[in-house]
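Please take a guided walk through this model, with the viewer open and a selection tool at hand. Each stop says what to select next and then what is found there.

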Amino acid sequence: MKFRLKYVVEDTERHGNVRLYYRRHGRKIRLRGPAGSPEFLADYKAAASGALEAPKKEQGPGHVVPRSIRWLCVQYYKSAMFKELDPRTQKVRRAILERFCQHKSDGDKPFALLLPRHVRIRRDEMSDRPEAANGMVKALRQLYRFALRYDLHDDNPAEKVEYLKGNPDGFHSWTLDEIARFEEIHPVGTQARLALALAIYTGQRRSDLVLFGRQHVRDGWLVFTQHKGRNRNPVQMEIPIIPELQRIIDQTQTGDLAFLVTAFNRPFTSNGFGNRFRKWCDEAGLKKCSVHGLRKAAAARLAELGCTEQEIMAITGHRTSKEVTRYTRAASQKTRAESALRRLSGEQS
């Protein structure tokens with residue numbers, strides 16, 4: 001006589017063998033056969049009571065939960081939107097997003113459920129490192145901009161999260177005394193002095209300084225494309241080489257395709273040059289100074305000479321005046337104050 005037990009199903013596998021399962025609430029628990037045997041009845045009783053559970057699928061180290069934040073990151077990394085970024089920017093952004101995913105397994109949570117308050121909590125946990133916290137918020141904003149652009153989501157929770165206030169002035173801008181101190185320790189003919197001159201008289205980032213070579217010189221001008229954003233929004237630059245810079249170049253031993261080279265006659269990497277310049281500053285006792293601070297100093301010096309923001313942007317290559325205004329705020333105030341008092345003095349005479 002045949003009998004049927006509740007929730008018992010039969011599945012035939014690819015080799016034709018019949019398997020018995022206890023299936024309830026979407027779970028399938030394998031039962032030993034044949035049906036009706038003592039082993040089968042014992043397994044059925046255990047499954048019905050909850051004592052026998054379905055085996056959990058093992059998840060390998062590369063497993064990604066579908067529709068999770070980590071899954072969204074993987075889709076982002078494959079996109080043209082991500083691949084258009086500079087390789088160094090890709091590396092930094094991927095590292096930030098991976099750290100976000102690893103924190104308390106946040107990467108396995110559904111990306112559609114991330115809310116502004118969740119991002120704020122993570123941001124505030126990093127309040128002792130405001131630049132790092134803001135970098136995380138920025139990376140999440142870009143991730144969800146990708147989700148919006150590719151119709152994977154209809155909101156960007158990170159856009160609603162404010163950046164933390166860091167140092168409003170950013171990198172220390174060199175004073176004239178600090179420049180003179182550096183020049184005293186590193187005279188004309190040294191690579192350190194050439195690096196200083198290139199930074200001051202071109203106002204460029206270190207990623208451009210390490211690439212400058214004779215191939216960029218045309219009729220007394222430096223002609224180049226700025227390294228930052230060259231793949232998405234390239235900025236073509238033409239800057240005149242002033243006589244003082246040309247004199248220092250002529251009196252310094254340089255490389256073939258790069259003015260600045262390592263001890264092995266190879267061009268510096270951006271980070272390698274930053275480390276070497278740090279050493280040169282330390283030798284001059286300038287602990288607060290950096291190569292990026294020279295870019296600010298160059299912009300400030302132009303402002304003190306009365307150059308407009310548009311003229312300064314033509315040298316630095318900035319697309320908007322926001323950064324230039326921050327760089328030159330103090331110098332502009334000094335220039336305006338001097339001009340105002342000169343007019344006041346003229347009225348009184």
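Leaving aside its neighbours within four places in sequence, which residues is Leu196 in contact with? With that exclusion, Leu196 is in contact with Trp174, Ile179, Phe182, Glu183, Phe277 and Leu294, where contact means heavy atoms within 4.5 Å.

Before moving on, note that this is a predicted model, in which local features need pLDDT of at least 70 and side-chain atom pairs count only at pLDDT 80 or more, while totals for chains, interfaces and linings use all residues. Residues are numbered from 1 along each chain as its sequence is written, and side-chain values use heavy atoms, with hydrogens and water left out.

Keep Leu196 selected: it lies in helix H8, helices here being DSSP runs of H or I with at least four residues and strands runs of E with at least two, numbered from the N terminus. Leu196 has a relative accessibility of 1% and therefore counts as buried (under 20% relative accessible area, with exposed meaning over 50% and partly exposed in between, for a 1.4 Å probe and protein chains only).

Next select Trp174, Phe182, Leu196, Leu198, Phe273 and Phe277, which touch the most other members of the largest nonpolar core, a set of 36 residues. A nonpolar core is a set of buried Ala, Val, Leu, Ile, Met, Phe, Trp, Tyr and Cys residues joined through side-chain atoms within 4.5 Å. The elements that each supply at least two residues of this core include helix H7 (176-185), strand E5 (221-225), strand E6 (236-240) and helix H11 (270-283), while its largest share, eight residues, comes from H8.

**From H8 to H10**

Colour helix H8 (residues 191-202) and helix H10 (residues 243-250), which pack at an angle of about 155° with their axes 10 Å apart; axes are lines fitted to C-alpha atoms, for helices over the stretch in contact, and angles run from 0 to 180 degrees between N-to-C directions. This angle makes H8 roughly antiparallel to H10, since angles over 145 degrees count as roughly antiparallel, those under 35 as roughly parallel, 65 to 115 as roughly perpendicular and the rest as oblique. On the H8 side, show Arg193, Leu194, Ala197, Leu198, Tyr201 and Thr202, and on the H10 side Glu244, Leu245, Ile248 and Ile249, which together make the contact.

At the end of this stop, pick Asp250, which lies in helix H10. Is Asp250 buried or exposed? Its relative accessibility is 55%, so Asp250 counts as exposed.

**H4, H6 and Gln142**

Now move to helix H4 (residues 87-102) and H6, which pack at an angle of about 95° with their axes 9 Å apart, and which are therefore roughly perpendicular to each other. Show Arg93, Ile96, Leu97 and Phe100 in H4, which meet a set of H6 residues including Gly135, Met136, Lys138 and Gln142.

Finally, centre on Gln142, placed in helix H6 (residues 130-149) and buried, with a relative accessible area of 15%. Leaving aside its neighbours within four places in sequence, Gln142 is in contact with Tyr76, Met81 and Arg93.
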